[in-house]
Amino acid sequence: MDLDVFVSAHRAEWDRLDALLRRRRRLTGAETDELVALYQRTATHLSLIQSSAPDPQLTGRLSQLVARARSVVTGTRRASWRDVTRFLTQQFPAAVYRARHWWVPVALVSTAVAALLGWWIGTHPEVQSTIAAPGELRELTRPGGQYETYYSSNPAASFAAQVWANNAWAAALCLILGVFLGLPVIWILFQNMLNLGVGFGLMSSAGRLDTFLGLVLPHGLLELTAVFVAAGTGMRLGWTLVDPGPRTRRIALAEEGRAAIGMAVGLALVLFVSGAVEGFVTPSGLPTWARITIGVVAELAFLAYVYVLGGRAVRAGDTGDVAAAERSATVPTAA
């Protein structure tokens, strides 16, 4: 390609496109059609120059011109309440539902590990002695001790905000670090189950297991479910690196990664609810049965939300990814 001849032949078109893009007044119908045609031709010119006679200065100018024209032709899409509604009723529950084969086993195994740790700690005084001195253990587990006063140690609103921030961060780490083959997620889960097992074991050894469950279950059911969902999704994302299925690895990671990002937002909302329960219900003067009932209702409501709305959305073809029109274009490949 003779670059000078090519530039001379098409410079007028580029200048005309630039002039239309600089117009401050509204374009007429004919001018809009002309802009679209010039945008398409200029994009073709840019592709030819890049492949046949790359010139950094000319390529830079045409790239900027094409980018400006593309933003005018395609427009800038703004989020609307319809997007929020679709996310809450379709995308998020569909993503959680699709990941159920990961987070349900994670929940069962993690709960079993916490129970075994609690039994081991509660039935072995020598293990308890490695956790703290006898006097410190009594201070932790006695009526009105640190386990009970922890939930009322700060004003309810600030305590709920602190709990929400900590749990949202743990869930986000599970989602983000899952890409490293899920190994960091296992460690985060173990730390959470160890903390739960220690409390379970120490309070049961002091004969106060009912008090412990009355403090943990109101908020813990929903909170732990959110953590299990994040952990299972993170592991699923890591497994995508190993087995992307019929998709290319790049496309599979992009699709699952976008769904995971959306899930992080949704789980932040779920953890906000559990944080509110922990801040306002757990330390309240309500009877234990009433506090546990609130926790069970919140958990059942979330599971129904996932299995009813999420199952319906998945059967309708939703994968939890963004809408098809918002995804990057992909080039078809042969099977």
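1. Helix 11 makes the biggest contribution to the lining of the second largest pocket, giving 9 residues. Helices here are DSSP runs of H or I with at least four residues, numbered from the N terminus. Please keep in mind that this is a predicted model, where local features need pLDDT of at least 70, side-chain atom pairs count only at pLDDT 80 or more, and totals for chains, interfaces and linings use all residues. Residues are numbered from 1 along each chain as its sequence is written, and side-chain values use heavy atoms, with hydrogens and water left out.

2. That second largest pocket has a volume of about 440 Å³. A pocket is an open set of points on a 1 Å grid over the protein atoms alone, where a 1.4 Å probe fits, with protein on both sides within 12 Å along at least five of seven lines; lining residues have an atom within 4 Å of a point. The volume is the space filled by probe spheres set on the points, which are joined across faces, edges and corners.

3. Its lining counts 21 residues, with T111, L196, L221, L224 and F228 closest to the centre. Two or more residues each come from helix 5 (100-122), helix 10, helix 11 and helix 13 (288-315).

4. Now to the largest pocket, with a volume of about 720 Å³. Among its 25 lining residues, Y150, Y151, N192, N195 and E223 lie nearest the centre. Helix 11 supplies the largest share here, 8 residues.

5. By class, the lining of the largest pocket has 14 nonpolar, 9 polar and 2 charged residues.

Terms used. Nonpolar A, V, L, I, M, F, W, Y, C, P; charged D, E, K, R; others polar.
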